[in-house]
Amino acid sequence: MDYKAIETKWKAYWDEHGINKFDEKDVGNKYYVLEMFSYPSGSNLHLGHWYNYGLSDSFARFMRMRGYNVFQPMGFDAFGLPAENYAIKTGIHPQDSTMKNIATMEKQLKAMGAMFDWDHELYTCAPDYYKWTQWLFLQLYKKGLAYQKLSPVNWCSSCNTVIANEQVVDGACERCGTPIVRKEMKQWFLKITEYAEELLDCLPALDWPEKTKLMQKNWIGKSEGGEIEFTLESGDTFRVFTTRADTLFGVSYVVLAPEHPLVQKITTPEHKSEVEAYIQATARASDIERLSTSKEKTGAFTGAYCINPINNARVPVWIADYVLASYGSGAVMGVAAHDTRDYDFCVKHNLPVVRVIRSADGSPDDLPYTEYGVMVNSGEFDGLSSQEGKKKVLEKLAAMGKGGIKVNYRLRDWSVSRQRYWGAPIPIIHCEHCGAVPVPEQDLPVRLPYDVNFTPDGKSPLGKCDAFMNVPCPVCGKPAHRDPDTLDTFVCSSWYYLRYPDNKNADKPFDSAHINKMLPVDKYIGGAEHACMHLLYARFITKALRDMGFVNFDEPFTSLVHQGLILGSDGEKMSKSKGNVVNPDKYIEEYGSDALRMYLMFGFSYIEGGPWSDDGIKSIAKFLDRVERIVVKAAAATGASNYGAKEKELDYALNYCIKSVTADLAAFSFNTAVARVMELVNAMYKYDADGGQLAFLKQTAVALVKLIAPMVPHVAEELHRILGGDKSVFLESFPICDESKLVRDEAELAVQINSKVRTRLVFPASSTKEQIEKAVLADETVQKLLAGATPKKVIVIPGRLINIVV
């Protein structure tokens with residue numbers, strides 16, 4: 001078979017007949033399959049793209065053949081740093097390079113043979129898309145879910161922008177390797193914390209990988225405990241959150257975040273230089289590094305003291321990098337006797353260790369003792385259990401006006417300001433008379449100007465474009481200026497799944513009535529690395545839009561699958577710098593895209609991936625040749641066939657394959673699905689070699705071609721026509737298992753003598769234990785094996801074995 005020729009032929013046929021298009025009139029039968037959209041890189045499609053998009057397309061085709069009206073759109077996450085950095089390096093404008101790359105990737109994705117509905121394409125850098133991203137920001141602003149404040153951020157002096165905690169690796173920018181610094185800047189935030197509890201509560205019902213749900217749960221980080229107010233000797237107060245109020249009498253020290261506003265005020269002159277040096281060192285570490293449990297716990301003494309409200313003890317105040325100003329109150333209490341980190345800190349800095357909890361059952365309670373127990377050295381609370389003590393201590397503090405019960409979350413609000421050019425402009429106008437004023441919705445989009453100097457200098461590029469910045473205030477009409485920042489690209493991707501079904505709507509981001517029928521996404525496919533960013537942000541935005549009345553569902557993605565990672569042959573992640581990137585084009589040129597697709601299915605577990613090796617792709621190509629030969633032979637058959645023992649055996653193989661492949665494709669277990677198909681083809685060849693009837697072989701071949709259609713779409717279309725099909729194989733129904741064909745008339749049982757298998761015998765499936773025992777003892781072969789020995793016992797396990805004990 002000329003694989004390249006048939007690929008061209010069938011792609012043209014699909015386009016001409018609209019085979020891949022979603023039927024807008026049958027929304028009630030929709031099945032929304034969505035792969036996380038790609039950044040339009042200048043490179044060719046690599047194996048990672050193929051692994052994600054090719055195999056998930058096989059799932060979509062499978063669902064199409066099962067009778068669903070499959071909606072599978074494609075688009076591009078087109079804003080972001082790579083295009084801007086490329087522009088800085090080469091002088092090619094980000095818009096020009098991005099649109100060129102989109103055209104290239106469109107061509108490559110179409111060549112893949114996937115059933116993407118290109119009528120619903122979108123790319124986030126288009127004004128008719130980011131107009132609605134800006135609209136979304138304004139709705140959040142009106143709802144009180146978008147606000148601006150001063151905040152410590154990770155700043156990359158090379159990229160000249162704020163970067164997320166997740167983009168800081170070993171204290172340096174993930175993209176360029178420049179050491180990051182912490183600085184305070186005025187930033188826009190989205191109030192995702194408003195939905196922390198619901199984001200947690202809805203997780204259990206989602207059909208998502210348990211590991212991903214656990215990652216989100218830990219990222220949100222709900223803690224139920226109490227808040228305690230300490231008073232500094234200066235008269236200032238601060239509050240700490242704790243889940244162990246039962247240990248309050250054992251506080252050895254308290255820690256403020258280095259960025260805490262009180263630090264500069266309370267630090268004594270003799271400790272000033274040490275504290276300043278420590279603050280500067282902390283500024284070079286990301287939040288993730290500072291919170292690392294493996295990192296040595298360092299700190300600096302401010303020279304100040306505060307008063308413990310429960311016993312009036314004088315407590316030293318330190319600063320340490322493991323406390324973040326942006327998390328909770330930016331202060332924690334240190335209880336050395338009952339926390340491992342605090343114990344290590346106190347030992348290192350020669351601070352007191354005061355036991356206030358003993359084991360309740362007399363078991364070992366060497367310090368640091370971190371379990372619950374019984375309160376000691378705690379005044380009126382001595383003898384209380386930790387659980388009861390926590391409650392009583394907080395009740396007393398509440399009565400004193402010094403604290404009370406509190407629920408805390410690790411989750412922080414989402415910083416969305418970026419000091420870069422290639423992004424959606426933030427639709428806010430700043431007026432010295434009216435403050436921050438939203439751009440009127442009728443004036444959207446705030447278009448990104450083309451002629452901008454985006455050479456990095458530490459300022460937002462848009463801020464240097466007077467024609468863009470200087471505008472009248474929409475409220476008072478006086479001179480004002482636009483916000484110079486652009487939105488984090490995760491804002492663009494937080495709602496794109498809502499735009500796909502209604503991508504040509506010029507009047508609103510989407511028609512709510514239509515979207516409420518099309519959403520949620522039934523199957524979402526993408527990398528696990530997005531667990532705590534994109535996937536969490538999309539959930540938040542969906543819930544916010546629901547509360548504003550724009551959608552009526554709670555979650556964007558009902559079911560989620562993560563694809564694994566195809567590594568280089570050296571076992572490392574593919575990268576140009578390592579020289580281990582594998583270009584699939586040479587394999588497509590030699591074997592065709594279907595052979596590559598099936599090899600990726602067969603050679604890897606989809607959710608795990610693994611190192612690339614091309615050792616087996618030639619075998620897959622030979623297997624497809626083998627499929628072609630048996631199908632072509634079967635296609636010559638005419639007339640009907642009789643149904644005997646051989647046909648029954650092949651029918652069993654076929655229906656076992658149908659049952660297995662149906663379950664495997666539904667579960668993205670592509671490797672086992674291909675293995676079952678290979679077994680069926682072997683059974684077909686055996687049937688043919690044993691003198692089977694060509695007409696029955698043809699019936700099996702027709703089913704075989706439908707089974708492999710999602711795996712090798714071009715090859716299946718060609719073979720379907722060879723077998724007499726007069727329409728696309730994807731308009732046919734996927735085979736359904738006939739369970740009655742899996743009930744065998746006969747069963748083969750292993751015959752053991754003293755628990756060792758010696759032979760096998762076939763019995764009618766309806767045989768009773770007594771009939772089997774009688775027949776086996778009368779069998780000539782068994783009698784020879786017994787060699788005259790008298791059986792003491794015969795154990796019959798129907799369907800499995802007979803064990804003769806002698």
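Student: Where is the place of Pro-368?

Tutor: This is a predicted model, and in it Pro-368 sits in the loop between β16 (357–358) and β17 (374–375).

Student: What is the peptide bond from Leu-367 to Pro-368, cis or trans?

Tutor: Start with the general idea: most peptide bonds are trans. The bond from Leu-367 to Pro-368 is cis, and its omega is near 0°.

Student: Which residues does the cis bond with omega of about 5° join?

Tutor: That cis bond joins Leu-519 and Pro-520. Pro-520 belongs to the loop between α16 (512–518) and β26 (523–526).

Student: Next, backbone angles. What is phi of Asn-312, positive or negative?

Tutor: In general, most residues other than glycine have a negative phi. Asn-312 has a positive phi, near 60°, and is not a glycine. Its place is in the loop between β13 (300–307) and β14 (314–319).

Student: Is Asn-312 buried or exposed?

Tutor: Residues over 50% relative accessible area count as exposed. Asn-312 has 61%, so it is exposed.

Student: What is the phi of Asn-350, and where does the residue lie?

Tutor: The phi of Asn-350 is positive, about 55°, although the residue is not a glycine. Asn-350 lies in the loop between α11 (340–349) and β16. With a relative accessible area of 71%, Asn-350 is exposed.

Student: How many residues line the second largest pocket, and which lie nearest its centre?

Tutor: The lining has 32 residues, and those nearest the centre are Phe-241, Tyr-327, Val-332, Asp-339 and Arg-341. By class, the lining of this pocket divides into 10 nonpolar, 12 polar and 10 charged residues.

Student: Let us end with a helix residue. Where is Leu-697 found, and is it buried or exposed?

Tutor: Leu-697 is part of helix α23 (residues 694–708). The cut-off for buried is under 20% relative accessible area. Leu-697 has 0%, so it is buried.

Student: Which residues does Leu-697 touch, not counting those up to four places away in sequence?

Tutor: Leaving out those sequence neighbours, Leu-697 touches Ile-630, Ala-634, Leu-650, Met-684, Tyr-687 and Asp-688.

Student: What separates the C-alpha atoms of Leu-697 and Tyr-685?

Tutor: The two residues are 12 residues apart along the chain, and their C-alpha atoms are separated by 9.3 Å.

Terms used
Residues are numbered from 1 along each chain as its sequence is written. This is a predicted model: local features need pLDDT of at least 70, side-chain atom pairs count only at pLDDT 80 or more; totals for chains, interfaces and linings use all residues. Side-chain values use heavy atoms; hydrogens and water are left out. Helices (H or I, at least four residues) and strands (E, at least two) are DSSP runs, numbered from the N terminus. Buried means under 20% relative accessible area, exposed over 50%, partly exposed in between (1.4 Å probe, protein chains only). On a 1 Å grid over the protein atoms alone, a cavity is a set of points where a 1.4 Å probe fits but cannot get out, and a pocket is an open set with protein on both sides within 12 Å along at least five of seven lines; lining residues have an atom within 4 Å of a point. Ala, Val, Leu, Ile, Met, Phe, Trp, Tyr, Cys and Pro count as nonpolar, Asp, Glu, Lys and Arg as charged, and the others, Gly among them, as polar. Contact means heavy atoms within 4.5 Å.
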